[in-house]
Amino acid sequence: MNMAGARDYVPVMLQAADEVNVRQRHRPIQHLDTHFNEELEGKTVAVLGLAFKPNTDDMRDAPSIDIIHDLTKRGAHIRAHDPIAIEAAAPLLPRSVHLATSAQDAYTGADAVIIVTEWDEYKALTPAQLTAHMQGNVLIDGRNALDFAAYKDAGFDYYGIGRS
């Protein structure tokens with residue numbers, strides 16, 4: 001879009017796509033609002049995946065940043081994990097965020113889990129692992145990386161982005 005603007009061209013399609021992408025960042029919070037009747041104050045939310053994409057520590061334009069800032073403004077307690085982007089993410093996040101040393105550390109005691117980046121270790125999680133450690137049963141799969149039916153069958157309130 002910057003290149004188009006430098007050439008006095010209005011990239012309408014790119015602008016529309018960018019607007020959709022920005023709106024999608026807020027979908028996990030909308031799901032939490034629906035589930036918890038807009039009462040996120042005091043809820044513990046595990047955010048799994050901080051980097052923009054798996055297998056990197058690239059935090060440029062990472063959705064996790066917006067999600068975490070929005071949730072902390074709403075009074076939620078955040079426990080975040082990423083296999084390699086913790087150091088890169090730390091200065092971009094509120095100081096109140098607990099940077100977990102493992103995914104299990106992040107989701108232990110959580111009311112809800114949001115998968116933001118589809119790391120292999122998160123895709124390998126099972127409903128039994130989460131059930132054994134979570135306080136709640138809300139799972140927001142921001143990448144549709146998990147087995148929807150398995151989590152629903154295990155009693156999770158599962159929300160996939162773009163799924164009904």
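Contact means heavy atoms within 4.5 Å. Axes are lines fitted to C-alpha atoms, for helices over the stretch in contact, and angles between N-to-C directions run from 0 to 180 degrees. Helices (H or I, at least four residues) and strands (E, at least two) are DSSP runs, numbered from the N terminus. The model is predicted: local features need pLDDT of at least 70, side-chain atom pairs count only at pLDDT 80 or more, and totals for chains, interfaces and linings use all residues. Residues are numbered from 1 along each chain as its sequence is written, and side-chain values use heavy atoms, with hydrogens and water left out.

Six strands build an open sheet with parallel pairing, in the order S3-S2-S1-S4-S5-S6. Its edge strands, S3 (98-99) and S6 (157-160), each pair on one side only. Two strands count as paired if DSSP finds at least two bridges between them.

Strand S4 (residues 112-115) pairs with S1 (residues 44-48) in the parallel sense over four bridges. Here valine 45 stands opposite alanine 112. Four bridges also join S4 to S5 (residues 138-141), again in parallel. Isoleucine 115 faces aspartate 141 across this pair. Strand S2 (residues 77-81) meets S3 in parallel over two bridges, and arginine 79 has histidine 98 as its bridge partner.

In a regular strand, side chains alternate between the two sheet faces. In S4, Ala112 and Ile114 point one way, and Val113 and Ile115 the other.

Helix H4 (residues 63-73) lies across S1, S2 and S4, at about 160° to S2.

Methods
Buried means under 20% relative accessible area, exposed over 50%, partly exposed in between (1.4 Å probe, protein chains only).
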